Amino acid sequence: MPKTIEFDAELIRRYDQSGPRYTSYPTAASFSEKFTHDDYLNAASSSNDDPIPAPLSLYFHIPFCDTVCFYCACNKIVTKNYARADDYLNYLYREIALQATFYDDDRIVEQLHWGGGTPTFLNRQDMQHLMQETRRYFHLRDDDNGDYSIEIDPRSVEPDDIRFLRELGFNRFSLGVQDVDEQVQKAVNRIQPVEKTQAILQACRAVGVRSVNIDLIYGLPFQTVSSFTRTLDTIIDQSPDRISVFNYAHMPHVFKPQRRINEADLPAAQIKLDILKLAIDKLISAGYVYIGMDHFARPDDELVQAQENGTLQRNFQGYTTHGDCDLVALGVSAISQVNDVYSQNNKEMPAYQAAISAGRLPIVRGFKLDKDDLLRRALIQCLTCNFEI
(Lines give C-alpha, C1' and ligand atoms only; values in the text may rest on other atoms or scores of the structure.)
Protein backbone atom coordinates (compact mmCIF):
# COMPACT_ATOMS: atom_id res chain seq x y z
CA MET A 1 0.00 0.00 0.00
CA PRO A 2 1.30 3.50 -0.75
CA LYS A 3 2.76 5.66 2.00
CA THR A 4 2.94 8.72 -0.22
CA ILE A 5 1.07 9.65 -3.38
CA GLU A 6 2.72 11.17 -6.44
CA PHE A 7 0.60 13.35 -8.71
CA ASP A 8 2.10 13.17 -12.21
CA ALA A 9 0.75 16.28 -13.97
CA GLU A 10 1.72 15.10 -17.47
CA LEU A 11 0.10 11.71 -16.97
CA ILE A 12 -3.05 13.33 -15.61
CA ARG A 13 -3.32 15.66 -18.61
CA ARG A 14 -2.82 12.77 -21.01
CA TYR A 15 -5.80 10.90 -19.59
CA ASP A 16 -7.94 13.93 -18.73
CA GLN A 17 -11.22 12.81 -20.23
CA SER A 18 -14.60 11.67 -19.00
CA GLY A 19 -15.29 7.98 -18.55
CA PRO A 20 -17.64 5.61 -16.73
CA ARG A 21 -17.03 4.70 -13.10
CA TYR A 22 -15.00 1.54 -12.58
CA THR A 23 -17.43 -0.39 -10.43
CA SER A 24 -16.96 -3.30 -12.82
CA TYR A 25 -15.08 -4.37 -15.91
CA PRO A 26 -16.49 -4.00 -18.44
CA THR A 27 -18.32 -1.02 -16.97
CA ALA A 28 -22.09 -0.70 -16.94
CA ALA A 29 -21.88 1.47 -20.06
CA SER A 30 -20.98 -1.71 -21.97
CA PHE A 31 -23.99 -3.72 -20.87
CA SER A 32 -26.15 -4.94 -23.76
CA GLU A 33 -29.88 -5.44 -24.12
CA LYS A 34 -29.04 -8.60 -26.08
CA PHE A 35 -28.35 -10.17 -22.70
CA THR A 36 -31.44 -12.18 -21.79
CA HIS A 37 -33.32 -13.48 -18.79
CA ASP A 38 -32.14 -16.99 -19.72
CA ASP A 39 -28.49 -15.86 -19.77
CA TYR A 40 -28.85 -14.93 -16.11
CA LEU A 41 -30.63 -18.18 -15.21
CA ASN A 42 -27.83 -20.18 -16.86
CA ALA A 43 -25.25 -18.26 -14.85
CA ALA A 44 -27.13 -18.88 -11.60
CA SER A 45 -27.45 -22.58 -12.40
CA SER A 46 -23.75 -22.84 -13.22
CA SER A 47 -22.87 -21.12 -9.94
CA ASN A 48 -24.80 -23.78 -8.03
CA ASP A 49 -22.93 -26.50 -9.91
CA ASP A 50 -19.46 -25.27 -8.93
CA PRO A 51 -17.58 -27.86 -6.82
CA ILE A 52 -17.69 -25.41 -3.91
CA PRO A 53 -20.47 -22.89 -4.65
CA ALA A 54 -19.60 -19.34 -3.69
CA PRO A 55 -21.40 -17.69 -0.78
CA LEU A 56 -23.92 -14.99 -1.65
CA SER A 57 -23.94 -11.23 -1.36
CA LEU A 58 -27.38 -9.60 -1.46
CA TYR A 59 -27.98 -5.99 -2.46
CA PHE A 60 -31.36 -4.28 -2.08
CA HIS A 61 -32.05 -1.01 -3.83
CA ILE A 62 -34.42 1.27 -1.87
CA PRO A 63 -34.91 4.20 -4.27
CA PHE A 64 -36.90 6.63 -2.10
CA CYS A 65 -35.85 10.02 -0.71
CA ASP A 66 -38.08 12.67 0.83
CA THR A 67 -35.91 15.53 -0.49
CA VAL A 68 -33.58 15.78 -3.47
CA CYS A 69 -29.85 16.43 -3.19
CA PHE A 70 -28.95 18.32 -6.36
CA TYR A 71 -25.66 16.45 -6.92
CA CYS A 72 -27.22 12.98 -6.75
CA ALA A 73 -26.74 10.61 -9.70
CA CYS A 74 -28.44 7.61 -8.09
CA ASN A 75 -31.63 6.04 -9.40
CA LYS A 76 -34.12 7.54 -6.96
CA ILE A 77 -37.73 8.55 -6.40
CA VAL A 78 -38.21 11.80 -4.49
CA THR A 79 -41.53 11.70 -2.67
CA LYS A 80 -43.24 12.29 0.65
CA ASN A 81 -46.01 9.84 -0.27
CA TYR A 82 -45.15 6.70 1.71
CA ALA A 83 -47.75 4.67 -0.17
CA ARG A 84 -45.28 4.49 -3.07
CA ALA A 85 -42.83 2.63 -0.83
CA ASP A 86 -45.54 0.19 0.27
CA ASP A 87 -46.33 -0.58 -3.36
CA TYR A 88 -42.66 -1.03 -4.25
CA LEU A 89 -42.00 -3.37 -1.34
CA ASN A 90 -44.80 -5.69 -2.42
CA TYR A 91 -42.99 -6.21 -5.73
CA LEU A 92 -39.62 -6.49 -4.02
CA TYR A 93 -40.92 -9.31 -1.82
CA ARG A 94 -42.03 -11.15 -4.94
CA GLU A 95 -38.63 -10.63 -6.55
CA ILE A 96 -36.94 -12.05 -3.44
CA ALA A 97 -39.06 -15.18 -3.64
CA LEU A 98 -38.37 -15.51 -7.37
CA GLN A 99 -34.60 -15.03 -7.08
CA ALA A 100 -34.37 -17.54 -4.26
CA THR A 101 -35.62 -20.34 -6.52
CA PHE A 102 -32.42 -20.10 -8.58
CA TYR A 103 -29.95 -20.62 -5.70
CA ASP A 104 -29.36 -23.63 -3.49
CA ASP A 105 -30.62 -23.27 0.08
CA ASP A 106 -27.24 -23.98 1.67
CA ARG A 107 -25.48 -20.96 0.12
CA ILE A 108 -24.87 -18.63 3.05
CA VAL A 109 -25.36 -14.88 2.66
CA GLU A 110 -22.02 -13.54 3.85
CA GLN A 111 -22.72 -9.96 2.75
CA LEU A 112 -25.92 -7.93 2.67
CA HIS A 113 -26.36 -4.26 1.80
CA TRP A 114 -29.29 -1.85 1.59
CA GLY A 115 -28.58 1.12 -0.66
CA GLY A 116 -30.56 3.85 -2.30
CA GLY A 117 -31.99 6.37 -2.39
CA THR A 118 -32.38 6.45 1.35
CA PRO A 119 -33.04 3.02 2.89
CA THR A 120 -34.00 4.70 6.15
CA PHE A 121 -36.92 6.27 4.28
CA LEU A 122 -38.70 3.02 5.18
CA ASN A 123 -40.53 2.81 8.50
CA ARG A 124 -39.50 0.28 11.12
CA GLN A 125 -42.31 -2.14 10.40
CA ASP A 126 -41.42 -2.36 6.72
CA MET A 127 -37.69 -2.65 7.40
CA GLN A 128 -38.40 -5.53 9.76
CA HIS A 129 -40.68 -7.19 7.21
CA LEU A 130 -38.08 -6.83 4.46
CA MET A 131 -35.47 -8.52 6.63
CA GLN A 132 -37.94 -11.27 7.58
CA GLU A 133 -38.75 -11.96 3.92
CA THR A 134 -35.05 -12.06 3.09
CA ARG A 135 -34.41 -14.54 5.87
CA ARG A 136 -37.43 -16.58 4.80
CA TYR A 137 -36.02 -17.22 1.33
CA PHE A 138 -32.23 -16.90 1.76
CA HIS A 139 -29.79 -18.40 4.23
CA LEU A 140 -28.84 -15.37 6.33
CA ARG A 141 -26.30 -15.86 9.09
CA ASP A 142 -27.60 -16.25 12.64
CA ASP A 143 -24.43 -14.83 14.19
CA ASP A 144 -22.82 -11.42 13.76
CA ASN A 145 -19.98 -12.54 11.50
CA GLY A 146 -21.47 -11.49 8.16
CA ASP A 147 -21.02 -8.03 6.65
CA TYR A 148 -24.55 -6.62 6.84
CA SER A 149 -24.52 -2.92 6.01
CA ILE A 150 -26.93 -0.08 5.37
CA GLU A 151 -26.61 3.44 3.97
CA ILE A 152 -27.98 6.09 6.32
CA ASP A 153 -28.92 9.72 5.82
CA PRO A 154 -28.27 11.08 9.35
CA ARG A 155 -31.06 13.60 8.83
CA SER A 156 -33.60 10.76 8.54
CA VAL A 157 -32.91 8.91 11.79
CA GLU A 158 -32.62 9.36 15.53
CA PRO A 159 -30.22 7.53 17.86
CA ASP A 160 -32.95 5.06 18.84
CA ASP A 161 -33.38 4.14 15.15
CA ILE A 162 -29.73 3.10 15.10
CA ARG A 163 -30.36 0.69 17.97
CA PHE A 164 -33.30 -0.76 16.03
CA LEU A 165 -31.17 -1.27 12.91
CA ARG A 166 -28.49 -2.98 14.97
CA GLU A 167 -31.07 -5.35 16.46
CA LEU A 168 -32.34 -6.00 12.94
CA GLY A 169 -28.92 -7.44 12.07
CA PHE A 170 -26.92 -4.59 10.54
CA ASN A 171 -23.35 -4.30 11.78
CA ARG A 172 -21.83 -1.81 9.33
CA PHE A 173 -23.29 1.67 8.84
CA SER A 174 -22.42 4.18 6.12
CA LEU A 175 -23.35 7.80 6.84
CA GLY A 176 -23.79 10.30 4.02
CA VAL A 177 -22.23 13.69 4.84
CA GLN A 178 -20.64 15.02 1.61
CA ASP A 179 -19.49 18.36 3.12
CA VAL A 180 -19.95 20.21 6.41
CA ASP A 181 -19.65 23.72 4.92
CA GLU A 182 -22.99 25.55 5.16
CA GLN A 183 -22.59 27.37 1.83
CA VAL A 184 -21.86 24.09 0.04
CA GLN A 185 -24.78 22.35 1.76
CA LYS A 186 -27.18 25.10 0.74
CA ALA A 187 -25.99 24.99 -2.88
CA VAL A 188 -26.71 21.24 -3.14
CA ASN A 189 -29.93 21.31 -1.04
CA ARG A 190 -28.57 19.13 1.76
CA ILE A 191 -28.64 21.05 5.03
CA GLN A 192 -27.08 18.76 7.61
CA PRO A 193 -25.80 20.22 10.90
CA VAL A 194 -22.54 18.74 12.12
CA GLU A 195 -24.14 18.06 15.50
CA LYS A 196 -26.73 15.80 13.88
CA THR A 197 -24.07 13.73 12.12
CA GLN A 198 -22.02 13.48 15.31
CA ALA A 199 -25.04 12.29 17.32
CA ILE A 200 -25.79 9.50 14.83
CA LEU A 201 -22.15 8.44 14.62
CA GLN A 202 -21.98 8.25 18.40
CA ALA A 203 -25.19 6.22 18.42
CA CYS A 204 -23.57 3.75 16.01
CA ARG A 205 -20.64 3.31 18.34
CA ALA A 206 -22.92 2.90 21.34
CA VAL A 207 -24.58 -0.17 19.83
CA GLY A 208 -21.28 -1.85 18.98
CA VAL A 209 -21.22 -1.83 15.17
CA ARG A 210 -18.20 -3.32 13.42
CA SER A 211 -17.49 -0.18 11.42
CA VAL A 212 -18.84 3.25 10.55
CA ASN A 213 -18.10 4.79 7.16
CA ILE A 214 -18.55 8.45 6.23
CA ASP A 215 -19.06 9.53 2.62
CA LEU A 216 -17.64 12.83 1.36
CA ILE A 217 -17.79 14.37 -2.11
CA TYR A 218 -15.27 16.75 -3.70
CA GLY A 219 -16.03 19.00 -6.66
CA LEU A 220 -19.28 20.47 -5.27
CA PRO A 221 -20.24 24.16 -5.64
CA PHE A 222 -18.16 26.65 -3.63
CA GLN A 223 -15.69 24.05 -2.41
CA THR A 224 -12.12 25.26 -2.02
CA VAL A 225 -8.97 23.71 -0.61
CA SER A 226 -9.51 25.78 2.51
CA SER A 227 -13.17 24.86 2.97
CA PHE A 228 -12.53 21.15 2.38
CA THR A 229 -9.69 21.28 4.89
CA ARG A 230 -12.28 22.26 7.51
CA THR A 231 -14.55 19.43 6.39
CA LEU A 232 -11.74 16.89 6.66
CA ASP A 233 -10.70 18.19 10.07
CA THR A 234 -14.28 17.87 11.31
CA ILE A 235 -14.60 14.29 10.07
CA ILE A 236 -11.15 13.23 11.30
CA ASP A 237 -12.09 14.50 14.77
CA GLN A 238 -14.96 11.97 14.75
CA SER A 239 -12.58 9.07 13.92
CA PRO A 240 -14.85 6.99 11.66
CA ASP A 241 -13.46 3.57 10.76
CA ARG A 242 -13.67 4.25 7.04
CA ILE A 243 -13.93 7.39 4.89
CA SER A 244 -14.93 7.54 1.23
CA VAL A 245 -14.09 10.63 -0.82
CA PHE A 246 -15.99 10.56 -4.11
CA ASN A 247 -15.57 12.75 -7.16
CA TYR A 248 -18.62 14.77 -8.21
CA ALA A 249 -19.36 14.29 -11.92
CA HIS A 250 -21.46 17.15 -13.27
CA MET A 251 -23.73 15.71 -15.98
CA PRO A 252 -26.94 17.77 -15.94
CA HIS A 253 -27.92 16.41 -19.35
CA VAL A 254 -28.29 12.99 -17.72
CA PHE A 255 -29.33 13.80 -14.15
CA LYS A 256 -32.02 16.47 -13.97
CA PRO A 257 -31.47 17.56 -10.34
CA GLN A 258 -27.95 18.65 -11.30
CA ARG A 259 -29.49 21.35 -13.50
CA ARG A 260 -30.19 23.25 -10.30
CA ILE A 261 -26.47 23.56 -9.65
CA ASN A 262 -24.90 26.68 -11.10
CA GLU A 263 -21.96 25.44 -13.17
CA ALA A 264 -20.10 28.70 -12.56
CA ASP A 265 -20.01 27.84 -8.84
CA LEU A 266 -18.17 24.55 -9.39
CA PRO A 267 -14.43 24.43 -8.60
CA ALA A 268 -12.07 24.38 -11.56
CA ALA A 269 -10.41 21.09 -12.55
CA GLN A 270 -7.10 22.05 -10.95
CA ILE A 271 -8.82 22.96 -7.68
CA LYS A 272 -10.60 19.59 -7.69
CA LEU A 273 -7.26 17.88 -8.15
CA ASP A 274 -5.77 19.96 -5.35
CA ILE A 275 -8.68 18.96 -3.08
CA LEU A 276 -8.17 15.29 -3.87
CA LYS A 277 -4.45 15.52 -3.13
CA LEU A 278 -5.25 17.38 0.08
CA ALA A 279 -7.67 14.63 1.14
CA ILE A 280 -5.16 11.85 0.47
CA ASP A 281 -2.28 13.61 2.23
CA LYS A 282 -4.36 14.75 5.19
CA LEU A 283 -6.06 11.42 5.81
CA ILE A 284 -2.79 9.50 5.57
CA SER A 285 -1.24 11.95 8.03
CA ALA A 286 -4.20 11.35 10.36
CA GLY A 287 -3.42 7.63 10.42
CA TYR A 288 -5.76 6.35 7.72
CA VAL A 289 -4.53 3.92 5.09
CA TYR A 290 -5.23 4.86 1.49
CA ILE A 291 -7.00 1.76 0.19
CA GLY A 292 -7.14 3.21 -3.31
CA MET A 293 -9.29 5.34 -5.61
CA ASP A 294 -11.80 6.76 -3.13
CA HIS A 295 -11.48 4.71 0.08
CA PHE A 296 -9.55 5.17 3.32
CA ALA A 297 -9.58 2.99 6.43
CA ARG A 298 -8.04 2.64 9.86
CA PRO A 299 -4.91 0.40 9.96
CA ASP A 300 -6.76 -2.33 11.89
CA ASP A 301 -9.70 -2.38 9.46
CA GLU A 302 -10.52 -5.58 7.58
CA LEU A 303 -10.04 -3.80 4.24
CA VAL A 304 -6.45 -2.93 5.15
CA GLN A 305 -5.76 -6.47 6.34
CA ALA A 306 -7.20 -7.85 3.10
CA GLN A 307 -5.01 -5.51 1.06
CA GLU A 308 -1.94 -6.62 2.99
CA ASN A 309 -2.62 -10.32 2.36
CA GLY A 310 -3.69 -9.82 -1.26
CA THR A 311 -7.38 -10.73 -0.93
CA LEU A 312 -8.92 -7.27 -1.30
CA GLN A 313 -11.36 -6.89 -4.20
CA ARG A 314 -13.61 -4.21 -5.64
CA ASN A 315 -17.18 -4.59 -6.91
CA PHE A 316 -20.40 -2.58 -7.24
CA GLN A 317 -20.37 -1.88 -3.49
CA GLY A 318 -16.81 -0.53 -3.50
CA TYR A 319 -13.84 -2.22 -1.87
CA THR A 320 -14.75 -5.48 -0.21
CA THR A 321 -13.38 -8.54 1.54
CA HIS A 322 -16.18 -10.58 -0.04
CA GLY A 323 -15.32 -10.38 -3.72
CA ASP A 324 -15.58 -14.17 -3.90
CA CYS A 325 -19.36 -13.98 -3.39
CA ASP A 326 -21.94 -14.14 -6.13
CA LEU A 327 -23.74 -10.79 -5.93
CA VAL A 328 -27.52 -11.03 -6.28
CA ALA A 329 -29.03 -7.55 -6.55
CA LEU A 330 -32.74 -6.86 -6.11
CA GLY A 331 -34.89 -3.84 -6.79
CA VAL A 332 -35.25 -1.33 -9.57
CA SER A 333 -31.97 -0.68 -11.51
CA ALA A 334 -29.96 -3.10 -9.29
CA ILE A 335 -26.90 -4.79 -10.83
CA SER A 336 -25.95 -8.42 -10.13
CA GLN A 337 -22.62 -10.18 -10.69
CA VAL A 338 -22.97 -13.96 -10.86
CA ASN A 339 -20.51 -16.48 -12.27
CA ASP A 340 -18.86 -14.20 -14.86
CA VAL A 341 -21.98 -12.36 -15.97
CA TYR A 342 -23.40 -8.97 -15.06
CA SER A 343 -27.10 -8.24 -15.24
CA GLN A 344 -29.15 -5.14 -14.49
CA ASN A 345 -32.78 -4.73 -13.55
CA ASN A 346 -34.97 -2.24 -15.38
CA LYS A 347 -34.48 1.35 -14.21
CA GLU A 348 -38.12 2.29 -14.81
CA MET A 349 -40.63 1.33 -12.13
CA PRO A 350 -43.54 0.37 -14.46
CA ALA A 351 -41.34 -2.01 -16.46
CA TYR A 352 -39.81 -3.44 -13.29
CA GLN A 353 -43.25 -4.14 -11.86
CA ALA A 354 -44.61 -5.54 -15.12
CA ALA A 355 -41.83 -8.14 -15.33
CA ILE A 356 -42.40 -9.34 -11.78
CA SER A 357 -46.16 -9.46 -12.35
CA ALA A 358 -45.44 -11.73 -15.33
CA GLY A 359 -43.44 -14.06 -13.07
CA ARG A 360 -39.98 -13.28 -14.42
CA LEU A 361 -36.98 -11.35 -13.25
CA PRO A 362 -36.93 -7.67 -14.32
CA ILE A 363 -33.56 -8.02 -16.09
CA VAL A 364 -33.23 -5.61 -18.99
CA ARG A 365 -29.55 -5.82 -19.97
CA GLY A 366 -26.24 -7.37 -19.02
CA PHE A 367 -22.89 -8.70 -20.14
CA LYS A 368 -21.25 -12.13 -20.32
CA LEU A 369 -17.49 -11.92 -19.85
CA ASP A 370 -15.22 -13.84 -22.24
CA LYS A 371 -11.65 -14.92 -21.49
CA ASP A 372 -10.21 -11.58 -22.57
CA ASP A 373 -12.65 -9.70 -20.31
CA LEU A 374 -11.78 -11.95 -17.37
CA LEU A 375 -8.07 -11.29 -17.87
CA ARG A 376 -8.54 -7.52 -18.13
CA ARG A 377 -10.81 -7.52 -15.07
CA ALA A 378 -8.19 -9.43 -13.08
CA LEU A 379 -5.48 -6.95 -14.06
CA ILE A 380 -7.67 -3.98 -13.14
CA GLN A 381 -8.44 -5.61 -9.79
CA CYS A 382 -4.69 -5.92 -9.17
CA LEU A 383 -4.14 -2.24 -9.88
CA THR A 384 -7.12 -0.87 -7.96
CA CYS A 385 -6.63 -3.14 -4.94
CA ASN A 386 -2.87 -3.79 -4.71
CA PHE A 387 -1.32 -1.01 -6.87
CA GLU A 388 0.69 -3.51 -8.88
CA ILE A 389 0.42 -6.28 -11.45
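The lining of the second largest cavity in this predicted model comprises five nonpolar and six polar residues, with no charged residue among them. The volume of this second largest cavity is about 60 Å³, and the residues around the space are Val177, Val180, Gln185, Gln192, Pro193, Val194, Thr197, Gln198, Thr234, Ile235 and Gln238. Helix H7 (194-206) and helix H8 (225-238) are the elements that give two or more residues to this lining.

The structure holds two cavities of 30 Å³ or more, and the largest cavity contains about 130 Å³ of space. Tyr22, Thr23, Ser24 and Tyr25 are among the residues that line the largest cavity, as are Arg314, Asn315, Gln337 and Tyr342, together with Arg377, Ile380, Gln381 and Thr384. Here the elements that give two or more residues are E12 and H12, and H12 provides the largest share of the lining, namely four residues. By class, the lining of the largest cavity divides into four nonpolar, six polar and two charged residues.

At least two residues of the pocket lining come from each of strand E12 (313-315), strand E14 (326-330), strand E15 (335-338) and helix H12 (371-386). In the lining of the second largest pocket, four residues are nonpolar, nine are polar and five are charged.

Why is strand E4 (residues 108-116) largely enclosed by the rest of the structure? Eight of the nine residues of this strand are buried, so E4 is largely enclosed; in terms of the cut-off, buried means under 20% relative accessible area. The pairing of E4 with other strands can be followed residue by residue. Strand E1 (residues 56-62) runs parallel to E4, and the two pair over seven bridges, with His113 of E4 as the bridge partner of Tyr59. Strand E6 (residues 147-152) is likewise parallel to E4 and is joined to it by four bridges, and within this pairing Gln111 stands opposite Asp147 in E6. Strand E5 (residues 139-140) is joined to E4 by two bridges, again in the parallel sense, and His139 in E5 is the bridge partner of Ile108.

The nonpolar packing can be described through a few side chains. The largest nonpolar core has 79 residues, of which Trp114, Ile162 and Phe170 touch the most other members. Helix H3 (residues 83-100) contributes the largest share of this core, nine residues. Which residues does Phe170 touch, not counting residues up to four places away in sequence? With that exclusion, Phe170 touches Leu112, Trp114, Met131, Tyr148, Ser149, Ile150 and Leu165.

Technical notes: Residues are numbered from 1 along each chain as its sequence is written. This is a predicted model: local features need pLDDT of at least 70, side-chain atom pairs count only at pLDDT 80 or more; totals for chains, interfaces and linings use all residues. Side-chain values use heavy atoms; hydrogens and water are left out. Buried means under 20% relative accessible area, exposed over 50%, partly exposed in between (1.4 Å probe, protein chains only). Two strands pair if DSSP finds at least two bridges between them. A nonpolar core is a set of buried Ala, Val, Leu, Ile, Met, Phe, Trp, Tyr and Cys residues joined through side-chain atoms within 4.5 Å. Contact means heavy atoms within 4.5 Å. Ala, Val, Leu, Ile, Met, Phe, Trp, Tyr, Cys and Pro count as nonpolar, Asp, Glu, Lys and Arg as charged, and the others, Gly among them, as polar. On a 1 Å grid over the protein atoms alone, a cavity is a set of points where a 1.4 Å probe fits but cannot get out, and a pocket is an open set with protein on both sides within 12 Å along at least five of seven lines; lining residues have an atom within 4 Å of a point. Grid points are joined across faces, edges and corners, and a volume is the space filled by probe spheres set on the points.
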